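The exercises below are meant to be worked through with the sequence and the coordinates at hand. Each task is followed by a solution that goes step by step.

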Amino acid sequence: SSNEHKLNFKKSKEACLSYIQDALLQKQWKRAAEFLTCYVESLEKDYSREHIGPSEIIWRIGTEILWHHSQSNMKEFNCFMEQMKTLGVKRYLRVCLEHVFHLLCNGQIDEAYQNLSLAESWRFGEQTAIQDKEMKLIQAYRGLLDYYSWSKQKNILLENGEDGFSDLAVEQEMHGYFRKAAVNLKEIIKIPGVWDVFVKCYVDLLEFYGDHNEARQVLNEYAYNSKFPANPNAHVYLYQFLKRQGESKKSLISALKILHDIVPSHELMIDFNTMLQKSKKRKKRRLGLEVIFTALDYAGWKENAKAWSCLARQVKQIVISEKHLDWIKQEWNSRKDWWPAFHFSRYLAKRNWQENKSLSYEKALVAGILLGKDCKYFKYVSHQGCKAQLKRFRMLKKFVNRHNLVYLRISG
Amino acid sequence: RDFNERCAQCSEVNWGLTDGGGFYCRSCHNVTERTREVVNTDFITNSRVQTISKGSKKQEKNDGGCEWYICEGFQLVLKKQVEALEALGVCPQMKDEILCNFWRCYLQKSKQAYCKRPAAETVKALSVCESSTDVDSDPERPSLLHLLSLSESEGDLQTDCSFASSVSKVSESTSVYSGSVDGSLYIMKNQKEKLRMTMPMTLSFCYMALLWMREPITLSEFLRFVVEGHIPYLNVFQHFPEKMKLCGLDLKIFCVESWPVYEEVFNKMHELAAFLDLPRFPDITESCFLHPDMLCMKYLMEANLPDELHNWTCRVVKKIGIGEVDFLTLTPGNKSTRKVKYDVLAAAVIVVVLKLLFLLDDHYEWLLSEFAEERNKNNTEGGPYFEFKKWYEVVKHSLDVEQKKLDEERAKYLWRCEKPLFYSVKKKSKVLKRRQMVVNLQNQFGKLSGSVQRAEKPNPSSFQLSWSEENTDGSCFHGHSLKGVLQEKRGLLTAMNPDYWLCTVKLCNEKLCGHLAHYKDVEFPQSYHFVLGLFSFLLRIQPSYIHDEVCMIEHKLFNKKLHKKLKYNTVLRK
């Protein structure tokens, strides 16, 4: 470019920044520090037109370097953070928060708590209102640390309780923490967002003090309020809560429905299928079959014996009853082109047999039904099983032989 | 002339006579009580003493500052620069006789001093930095923002929001901020009328003086010394005396945020020379450093090329007449002659010679190199023949290393200095706080930089690349022979290469598009790019400028052949 040789402040700093970025990517902390030393004078220029100004860049890069550099220590780090807090009032609370995170990572819980309290008491004209969200976060994290203290007290109490002691002071302290934590946690989860850790802690508190209604409401809001981002964990928490409360299968099933839609490979799909299979309602049983088939589409489930046993059980049941073979046909239709290579290859047959006989048993059953007794997988496993004189494999062989023509009807 | 005391106000030794017989300091117009004791008639008749209006008595202001004019500031800058040049070995005459006179002439021609100050233009702008209310409520006084937008100085000063935000609260009638008396006037001046002084122009002044003295330093070298910090430029205002307060618009004038480009300084210098009505400069003869023969020798050495090539550069120079005194010597105001860039010209001559001998079409030079290599392998007696390939590898390696170093240096460049600047007193505390934070951060991260300390700036050297014949690895090509590429014809040594390709068939009109040819638009052989890149690095200028000179030389060299009707094929037989 014609301006290549025309070096000015801005270009020089841009070049400096790219050297810093290269050094960071290669974890060359000394070199990054070297160039950052030259970059910091950008603070003396006002870049308010830029999207990210020098002060933010210096904050982020400096944090990275000080966190990783071998010669740096927490004292240096804290000193730097304090300076960064004074740099930009618009960013004050965010810097405080990130500082707190670093302290927590370093195990300095008390310092983190102090910083949070300090930040909470910060007021700066109209900025206070503008940074309202950050303030709520700060309060929420303080609430979290209060919960942590509450939890410690609770454990002390429980231990002492076993010995027959009851320490009133500890108990009062515990209740104090509860109040402080609950107030803040409740506030943050009102705002749409992903607040897994806050929700869990809050629900834990509510359950301990017996406020199950509130807990249920909180979890329902978290899972079903459309303003909140789709979050599989919300449904998991709700399900676990309902299970703890001993709710009916019906409500348990309804809690897992959306989870199946969002994360078909979730580990709770086994529970889901188990409940659905046993249902009296035809629709539910149908759904159950879909659930288990879908779960096994995922590579992480390939060697999950439990999942295969669920599928095997349901398939077997359908075959024996001779009703609803079309269900299997529907499910198999989109899978018949790739499941054989994916699950039922000869190589897998050998490996499964070697590593996990139960797994191979369940899979062989499914393979035998879906692909017939002459398929590679079933042939190998059943042969091996009979050779080893294992009774169930002989039973399996008989069963599949008896129902051999099913696969023709399924594959259409 | 006899009065050598330093001025009480500005420490300058620059005295003139008032008509009352007293001494006045030309730099700051401070009038002393001393009168001349001895009448020196020579002094009176030689000096061009002008009367000065007695109106502007210096007044000390509250903040300890004094009234000062922009041109006084520039005078200080020039003084510092020329002192630095003296330290580098330039003849001391330059300061006292040449540059001084150039400057005075400029002041006079631009009506900033040594003349009746045009009354209408009295500077109304107050030099107050505090936000006092204006003395005269002149509705036509331009607002600060307007003044900012008029100035064409580059850099972010114009868009400095901290300035703009402080100004937006200022109403139209508030005084204009500047530490100097005429800061605002300076920015407002219509630059077409008079050559308004700028920081880059101080370099033009210096170079003009250097050229007049025919000092052995080229413009590219001079600018390199500036960038390397041997000549004060970047933060030179920090050497202003305490009493000269800089703020407001002064910053726009004296704070630079970019390095001036060769073209800019060069063109300004010529403008200046014409403006000052200077006569023809001292002759540039064959024994001058700036003569192409001398410069070619220097650049050949630096480019690690065989000394034998010098014969060829001299031949080319002679043939096209660029070694003639009249061609080389600057005559200001003469618009018909092309302005000579001595360094670029010499570099271009070398490029042309390389093209003559090696063709540089990405084939022939490698072919020749192979022959030379063969010969060198089999025949170790007598000196080695020059191998283009080896030379390319050695030079490219060094060039890459140096370029990388240069790029890193540029990225690590520190622009600020200890003396803080602020547009207005209101901003002072914020600026100082920031400065303190910057210093703290520099300390903190400087410690983490490991053992890398910012070294003292190395002594300025004329040669950026150096090659020693004592190196046994054969990486120095000065003594290598060109026998491999030459042949004897009728008692004359000519190149074996019979062909030549022109960079461009037709030269552009420089006045229209700024260039003689367009380097970027055409695909040239890689070897050509390499050679241009080498000199581009050494001279710190864009390769396109060297390319322009190459085109110019080629067209002079092949003038006759070009006037014959040429086919589209631009390859010529020599």
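Buried residues (under 20% relative accessible area with a 1.4 Å probe, protein chains only; exposed is over 50%, partly exposed in between) make up 51% of the 574 residues in chain B. The model is predicted, so that local features need pLDDT of at least 70 and side-chain atom pairs count only at pLDDT 80 or more, whereas totals for chains, interfaces and linings use all residues. Residues are numbered from 1 along each chain as its sequence is written, chains are lettered from A and ligands numbered from 1 in the order in which they are written, and side-chain values use heavy atoms, with hydrogens and water left out.

**Exercise 1.** Describe the secondary structure, contacts and surface of chain B.

Step one is to count DSSP runs, where helices are H or I over at least four residues and strands are E over at least two, numbered from the N terminus; chain B then has 21 helices and seven strands. Step two takes contacts (heavy atoms within 4.5 Å): of those in chain B between residues at least 6 apart in sequence, 74% join residues at least 24 apart.

**Exercise 2.** Why is chain A more spread out than a compact globule?

Begin with the secondary structure of chain A, which comes to 23 helices and zero strands. The radius of gyration of chain A is 30 Å, well over the 22 Å that the globule rule gives for 412 residues, so chain A is more spread out than a compact globule; the radius is taken over C-alpha atoms, and the rule is 2.2 Å times the number of residues to the power 0.38. Along the principal axes, the C-alpha atoms of chain A fill a box of roughly 85 × 75 × 40 Å. Chain A is also divided into domain 1 (126–229) and domain 2 (314–411), with bounds from an automatic or database domain assignment, and 50 Å separate the centres of these two domains, taken over C-alpha atoms.

Note on methods
Areas by Shrake-Rupley, 256 points an atom, 1.4 Å probe, with all protein chains shown as cover.
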